[in-house]
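Keep the picture open while you read.

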Amino acid sequence: MSSVIVDYWQERKSKKLGSSSYRYRRSVNPELRPILGKREITIALGNAKGDALVKYRQAHREVEQTLAAAWDEVRGIKKPKTARELFQETVERIKALGLNPYRPPTDEDEGGDYDYDETRDHDEIERSAVVDGIAAKYPTDPETGYPMGVSAEDTRLVRMLHTSRPKIPAPTLEDAKKLYLKDRFALNDPKPLERKKDEQRAERAVSNIAKALGSTPYEVKVASITREQARKVQDFIRGDVRSKSTVDRYLNDIRAVINHAIAEVTELHGLTNHFTRLPVLGSGRGGDTPERDKRLPFTKDELKKIRRRIETHADQPDLRKRCPDGTFR
């Protein structure tokens, strides 16, 4: 029977212990090392081969996403901006022109009779001049008389100039993620590797929500997420991640991103975060063994066995030296 070759899969056998452990190990391209801060990526997959193969799938997907993002950074490829960011950029363009984006509606906007107002009319003349100037940059369609090939930026500007009170788009998951990372980095100024980890965790948080809801982080509005959808996200993550404790950890990241958006974005003040008080899966209450109980300290009997093994098997004298408390250096 031929064996299946799994990329970046490494089995490590211990002759002394007579057991094997598995890990995901992958070298990092030299061009990406300055960005990721490492020469290789290693992820422990555990000692049971069946469980390790399950964890491998998740590990490989996350590493692929990490490397893809790093290559985008090297190539200068930026992610698209959200509708909210584009709106704010247009607002700033209008302000730079000396105009107020938020103006009282005119009689024409309201469909009423024309009523002369010098200040308002002067504003309308300036806006018309700007629109005419934009149109003059582009060739004119001989049949319609309209300008051709107008850029998306200029289209947004003209549209907002013709709107009396433009309404800012509702914040999406992508907006929430960017705001969360911006404020987080402003507070602690992390090192490159820590920054990358925070970015990956926040990206994974909003991606899990969007995937569970069959959408993208650019489309899902924070205020639209219901309790039923929050539980659907939890079930989605649970189906993708084997460890219940890991599911809880991923949900903690989601709660952090959403809570920050609710606290910082005016339109979201008072909104309920439906990811709070979801059932905790890995707490020991019918779930996994708590992480703190998986790493209990050695018993006295175990310490004695370890000490005897070091004394009888250590090749270097320094390894057999004890500290005053009886432990080894």
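In this predicted model, the structure holds 1 cavity of 30 Å³ or more. How do we know where to look for such a space? Rolling a probe the size of a water molecule over the atoms shows where empty space is left. The largest cavity contains about 50 Å³ of space. Which residues line the largest cavity? Val222, Ile225 and Ile258 are there, together with Leu271, Thr272, Asn273, His274 and Phe275. Sorted by class, this lining has 5 nonpolar residues, 3 polar ones and no charged ones.

Now turn to a pocket. The second largest pocket has a volume of about 370 Å³. Its lining is made of 15 residues, and Arg84, Glu85, Asp175, Leu179 and Val265 lie nearest the centre. Which helix gives the largest share of this lining? That is α7, with 5 residues. Helices α3 (83-96) and α7 (173-188) each supply at least two lining residues. The lining of the second largest pocket divides into 7 nonpolar, 2 polar and 6 charged residues.

Next come the charged pairs. How many salt bridges are there in the model? The count comes to 17. Three of these pairs are set out here.

| Salt bridge | Closest N to O distance |
|---|---|
| Arginine 93 and aspartate 154 | 3.2 Å |
| Lysine 177 and glutamate 174 | 2.9 Å |

Let's take the pairs one by one.

Arginine 93 forms a salt bridge with aspartate 154. Arginine 93 lies in helix α3 and aspartate 154 in helix α6 (residues 152-161), so the pair ties together parts that are 61 residues apart in sequence. Arginine 93, at 34% relative accessibility, counts as partly exposed. Aspartate 154 has a relative accessibility of 4%, so it counts as buried.

Are lysine 177 and glutamate 174 buried or exposed? Both are buried. Elsewhere, salt bridges that share partners join Glu62, Arg201, Arg204 and Asp253 into one network.

Let's move to the surface. Phe298, Leu303 and Ile306 form a nonpolar patch there, and together they have about 280 Å² of accessible area. Why is phenylalanine 298 called exposed? Its relative accessibility is 56%, and exposed means over 50%.

Tyrosine 8 has a positive phi of about 65° although it is not a glycine. You can find tyrosine 8 in the segment before β1 (9-14). Tyrosine 8 has a relative accessibility of 32%, so it counts as partly exposed. Arginine 277 is not a glycine either, and it has a positive phi of about 60°. This arginine 277 is in the loop between α10 (244-264) and α11. With a relative accessibility of 73%, arginine 277 counts as exposed.

One last stop is valine 241, in the loop between α9 and α10. Why does valine 241 count as buried? Its relative accessible area is 9%, and buried means under 20%. Along the chain, valine 241 and arginine 57 are 184 residues apart, and their C-alpha atoms are separated by 9.6 Å.

Note on methods:
Residues are numbered from 1 along each chain as its sequence is written. This is a predicted model: local features need pLDDT of at least 70, side-chain atom pairs count only at pLDDT 80 or more; totals for chains, interfaces and linings use all residues. Side-chain values use heavy atoms; hydrogens and water are left out. On a 1 Å grid over the protein atoms alone, a cavity is a set of points where a 1.4 Å probe fits but cannot get out, and a pocket is an open set with protein on both sides within 12 Å along at least five of seven lines; lining residues have an atom within 4 Å of a point. Grid points are joined across faces, edges and corners, and a volume is the space filled by probe spheres set on the points. Helices (H or I, at least four residues) and strands (E, at least two) are DSSP runs, numbered from the N terminus. Ala, Val, Leu, Ile, Met, Phe, Trp, Tyr, Cys and Pro count as nonpolar, Asp, Glu, Lys and Arg as charged, and the others, Gly among them, as polar. Patches are made of residues with over 30% relative accessible area and no salt bridge: like charges are joined within 9 Å, nonpolar side chains (Val, Leu, Ile, Met, Phe, Trp, Tyr) within 5 Å. Accessible areas come from the Shrake-Rupley method with a 1.4 Å probe; for residues, only the protein chains shown count as cover. A salt bridge is a side-chain nitrogen of Lys or Arg within 4 Å of a carboxyl oxygen of Asp or Glu. Buried means under 20% relative accessible area, exposed over 50%, partly exposed in between (1.4 Å probe, protein chains only).
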